[in-house]
Amino acid sequence: MCRAACAVVAALMVATPTMAQTVQPSPVLTLDQDRMYTASAFGKRVQADLQQSSRLLSDENRKIESALEEEESRLTLERADMDPAEFRKLATDFDERVTGIRRAQAAKSDNIRKQAEAERARFFELAFPILLELVEETGAVAVLNNAAVIFSIRQIDITDVVIERIDASVGAAPPPVDTGPLPVPRPNVEDQIDETPSEDAPSDN
C-alpha cells in the first residue's frame with residue numbers, strides 16, 4: 001500500500017515542473033527579448049536552418065573557388081602557346097566570370113541574412129498577442145526590456161512564461177513557402193505596450 005502511494009506522490013512531483021507557469025499581478029513586467037527568441041522552439045529552429053544554409057553556401061563557395069583556381073592555373077600554363085590578343089580576351093572573359101560568380105554568391109549570403117531578419121520579425125509578430133494577453137492577466141501598465149532595469153525581483157520577469165506559451169501556441173513554425181515582403185519590425189516591447197490606449201484614455205471624438 002505504501003509503495004503504491006509513494007509512487008503516486010513521486011509521479012506528481014515529477015509532473016509539477018512541466019505545469020504551465022503563471023505570473024503574479026504586477027504594474028510593471030520585465031522581459032529578455034533576445035532570450036525569448038533564441039530559447040524558443042521557433043528561434044532554435046531558425047538558428048538550425050540558418051546554420052545549415054550557411055554551411056551549404058560555404059561548401060559551394062569552396063568548390064567554386066577551387067574550380068576557378070584550376071582554370072586560372074590552366075590558362076596561365078597555356079599562355080606561352082597563345083596569341084597575346086587571344087590570351088587577353090580569354091583573361092578578360094575569365095575575370096568577368098569570376099566577378100559575376102562572386103557577386104552571385106554574395107547575393108546568396110545576403111539572402112540568408114535577410115531570411116534571418118524576416119524570421120525574427122515574424123516571431124515577434126506571433127509573440128505580440130501572447131505578450132498582450134499576459135499584460136491583461138497581470139494588470140500591468142508596462143513591459144520593460146530587462147537590460148534597461150537596474151534592479152528588480154524575479155517574480156516580475158515574464159521571459160520563461162512567454163517562452164512556454166509561445167512554444168505551446170506556435171512551436172517551431174516552419175517558414176511558409178513564400179515569405180513575401182519582410183514584416184516591419186515592431187519597436188521595443190515596452191514602447192508598444194506603453195502606446196496601447198487604456199480604457200480610461202480620452203477619446204479623440
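Residues are numbered from 1 along each chain as its sequence is written, and side-chain values use heavy atoms, with hydrogens and water left out. In this predicted model, local features need pLDDT of at least 70 and side-chain atom pairs count only at pLDDT 80 or more, whereas totals for chains, interfaces and linings use all residues.

The secondary structure comprises six helices and two strands, where helices (H or I, at least four residues) and strands (E, at least two) are DSSP runs numbered from the N terminus. Read from the N terminus on, these elements follow the order α-β-α-α-α-β-α-α. Of the 205 residues in the protein, 26% are buried, that is, under 20% relative accessible area with a 1.4 Å probe, protein chains only.

The largest nonpolar core holds 25 residues, such a core being a set of buried Ala, Val, Leu, Ile, Met, Phe, Trp, Tyr and Cys residues joined through side-chain atoms within 4.5 Å. Within this core, Leu31, Met36, Phe123, Ile158, Val162 and Ile166 touch the most other members. Strand S1 (28-31) and helices H2 (33-38), H3 (41-78), H4 (84-138) and H5 (159-169) each contribute at least two of its residues, and the largest share, eight residues, comes from H4. When residues up to four places away in sequence are not counted, the contacts of Met36 (heavy atoms within 4.5 Å) include Leu31, Phe123, Val162 and Ile166. A second, separate core of seven residues includes Leu75, Met82, Phe87 and Val98.

Key:
Buried < 20%, exposed > 50% of the residue type's maximum accessible area, 1.4 Å probe, protein only.
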